[in-house]
Amino acid sequence: MSVGFCGIELAHPVINGSGTFDAIAAHRAFGDELFERFPFAAFVSKTVTLQERQGNPPPRLWELPGGLINSIGLPNKGLDGYLEHDLGFLATLPVPLIVNVMGFSREEVAQLVEAFAERPEVSALELNVSCPNVETGLVMGADPDETARLVDRVRPLTDKPLIVKLTPNATDVPAVARAAEHAGADALSLINTVKGMALDPKTGAPWLGGTTGGVSGAAVRAVALAQVHAVAQAVEIPIVGMGGVQTGQDALDLMRAGAALVAVGTESFRDPAAGSRVASELVELLANTAV
Ligand code: RRO
């Protein structure tokens, strides 16, 4: 069931949501079996920032009946650490590599895009303008003009496909989508997590170290479906749909709403092979149904 996406040939339409599958840890756990049965048609790495970050103070997770709230806060090795320690291994995965980047200013994002533009190991870049767990991450992606200014700034720096990852926490998501498209984005991905909060039942204080966090999992599936549908009406470029995908039927729903690819996120924490299962269920459904 191979599909073309921004000029990249993929074996099937299911990839991972950034930050929800650690391929390096999975290789430690499963060894080379990971290469033989890699669950996704492309691998999207966790967000890379210019500088190394420790992330938010714990606790970082709260479990919901239908998902999770995370307040991870982008811990990562920074650009230099990623290039030195992670890129070499990720390039050996049997699927194309998409690197997700985030900056605290347009200039930081520009430096990241410039650095990855010259790396042949990288097939595409995803601009994270939608992290709910740092103040400035959200500012760019919540506003159409800010999003356009960012994409305008980085578009000339690379010929690689640029995917802009949208936040659901914006007043007018289709307006942000149109702004990204007009400024030269090749594709859009949505949704990132929905802002949420949990209180410590004993003290009544915020549970998460970052006070608020991002809700993901089945709880946000209907939000994702509505937003993918709305954005698909607003743009011509392909969409990577995600939000609470647990089954092939969930993936098919997002494709029927207008997604070209579907990403599995929170479900991979429960079952690291979820991507493969969703892909085979989806392929079977597509063989028997109209999108
Ligand atoms: O690291 C995080 O806290 C995080 C990120 Br970068 C993101 O894009 N979405 C999310 O729910 N958490």
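Helix 8 (residues 221-234) of this predicted model comprises 14 residues and extends 20 Å from its first C-alpha to its last, close to the 20 Å expected at 1.5 Å a residue; the expected span is 1.5 Å times one less than the number of residues. Helices (H or I, at least four residues) and strands (E, at least two) are DSSP runs numbered from the N terminus. Residue numbering starts from 1 along each chain as its sequence is written. Because the model is predicted, local features require pLDDT of at least 70 and side-chain atom pairs count only at pLDDT 80 or more, whereas totals for chains, interfaces and linings use all residues, and side-chain values use heavy atoms, with hydrogens and water left out.

The buried residues of helix 8 are Ala224, Gln227, Val228, Val231 and Ala234. They lie on the same side of helix 8, because they cover an arc of only 120° around the axis, the arc being that of the directions from the helix axis to the C-beta atoms. On the other side of helix 8, Ala222 and Gln233 are exposed. Buried denotes under 20% relative accessible area, exposed over 50%, and partly exposed in between (1.4 Å probe, protein chains only). The buried residues of helix 8 pack against helix 7 (173-182), strand 10 (187-190), strand 13 (239-242) and helix 9 (248-256), contact meaning heavy atoms within 4.5 Å.

The residues around the ligand (a heavy atom within 4 Å) include Lys46, Leu74, Asn128 and Asn192. Oxygen atoms of the ligand are placed 2.8 Å from a side-chain N or O atom of lysine 46 and 2.9 Å from one of asparagine 128. A ligand nitrogen is 2.8 Å from an N or O atom in the side chain of asparagine 192. The protein covers 92% of the 310 Å² of accessible area that the ligand has on its own (Shrake-Rupley method, 1.4 Å probe; for residues, only the protein chains shown count as cover).

Leucine 74 is located in the loop between strand 6 (67-70) and helix 3 (78-90). Its phi is near 55°, a positive value in a residue other than glycine, and leucine 74 is buried at 2% relative accessibility. Threonine 211, likewise not a glycine, has a positive phi of about 70°; this residue is partly exposed at 38% relative accessibility.

Two cis peptide bonds are described here: one joins proline 58 and proline 59, with omega about -5°, and another joins leucine 190 and isoleucine 191, with omega about 10°. Proline 59 lies in the loop between strand 4 (43-44) and strand 5 (61-64).

Technical notes
A polar contact is a pair of N or O atoms within 3.5 Å; within protein, one must be able to donate a hydrogen and the other to accept it, and residues adjacent in sequence count only if both atoms are side-chain atoms.
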